[in-house]
Amino acid sequence: MSWTDFFQSCHFIPQPTLTERNLPSQSGRVFIVTGGYAGVGAELVKLLYQAHGTIYIAGRSASKAATAIDMIKALFPSSDGRLEFLHLDLADLSTIKTSAETFMSKESRLDVLTNNAGVMTPSVGSRTAQGHELQIGTNALGHYLFTTLLLPVLLKTASISPSNAVRITWASSLATFMAPPDGITWDPKTNAPAILDSPMRDYQQSKSATIFLSRSFQALHPSIVSVPFNPGNLHSELQRNQSWWLWYVTQLLAHPTKMGAYTELWAGWADEEMRGSWCERETRDFV
């Protein structure tokens, strides 16, 4: 990506072509949105619930999920969809198997898994329960394990669905433009991603990792569409840990959260061939 591409991605945003106005009915289909009770994830859940889908909102906070579910149901009382909370702590790998098994005990299909949740620039030294740097652990490792454990139901759904219908989408970022030259810097002592010189650098690296994971799942499981997306520069809770000056710069470049949900919607539900793509604001580059 060039600096021209970077500038255009921030300021020249096309109007979304897939929205709540033309999204087909999602009745009978089942989705998981990680981090679906706040920010971009909550906006995506609204779009899917309006279209009568069944959506599992996956995250750590049952109370935040309950508040979001009540709010969304009140906004769209005519929906025949269903909203469920699924406990998921991406920062503790030891708990994720239980989350996946809980879902598969309740549902026999999974049409789209949106790996939306993430953390950005936490305090220096933040770690997961297993000691990984928090951003690579949450944004990449936790989603990798969750997705792997859900493969049985994803593959089963793909076997009875049209090609291009069953998808895994991965939240990446424009920040990958500034990631290490190879995307990830490896620590030869641990054979794991290195902890870099600032939380922002670690964030950039974690978002590069989601692209690699997406490509890997696509190669290993061709019946499932696996695609990374850049939701865009948005006003959301993701910036809650930023320094004041970086927060201010972000606000100058940011767009409404719902615009990011439209990008997620397009990556997961647009009637286009997405294999091998990088999705960004209604455009595709092949990566």
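Trainee: Which residues in helix 5 meet which residues in helix 7?

Mentor: This is a predicted model. In helix 5, Gln135, Ile136, Asn139, Ala140, Tyr144, Thr147 and Thr148 take part. Their partners in helix 7 are Pro199, Asp202, Tyr203, Gln205, Ser206, Lys207, Ala209, Thr210, Leu213 and Phe217. By type, the contact residues are eight nonpolar, seven polar and two charged.

Trainee: Why are helix 5 and helix 7 called roughly parallel?

Mentor: Take the crossing angle. The axes of helix 5 (residues 134-149) and helix 7 (residues 199-220) cross at roughly 20°. Angles under 35 degrees count as roughly parallel. Helix 5 and helix 7 are therefore roughly parallel to each other. Their axes come within 7 Å.

Trainee: Why does Ser161 count as buried?

Mentor: Its relative accessibility is 16%. Buried means under 20%. So Ser161 counts as buried.

Trainee: Where is Ser161 found?

Mentor: Ser161 lies in the loop between helix 6 (151-159) and strand 5 (167-171). Neighbours within four places in sequence aside, Ser161 is in contact with Arg109, Asp111 and Val166.

Trainee: What makes the approach of the Ser161 side chain to Thr157 a polar contact?

Mentor: The side chain of Ser161 reaches the backbone oxygen of Thr157 at 2.6 Å. The cut-off for a pair of N or O atoms is within 3.5 Å. The pair therefore meets the distance test.

Trainee: How many of the chain's residues count as buried, as a percentage?

Mentor: Of 287 residues, 56% count as buried. The chain has nine helices and ten strands.

Technical notes:
Residues numbered from 1 in each chain as written. Predicted model: local features only at pLDDT ≥ 70, side-chain atom pairs only at ≥ 80, totals over all residues. Heavy atoms only, no water. Axes fitted to C-alpha atoms, helices over the stretch in contact; angles between N-to-C directions. Helix = DSSP H or I, 4+ residues; strand = E, 2+ residues; numbered from the N terminus. Parallel < 35°, antiparallel > 145°, perpendicular 65-115°, else oblique. Contact = heavy atoms within 4.5 Å. Nonpolar A, V, L, I, M, F, W, Y, C, P; charged D, E, K, R; others polar. Buried < 20%, exposed > 50% of the residue type's maximum accessible area, 1.4 Å probe, protein only. Polar contact = N/O pair within 3.5 Å; in protein donor to acceptor, adjacent residues only side chain to side chain.
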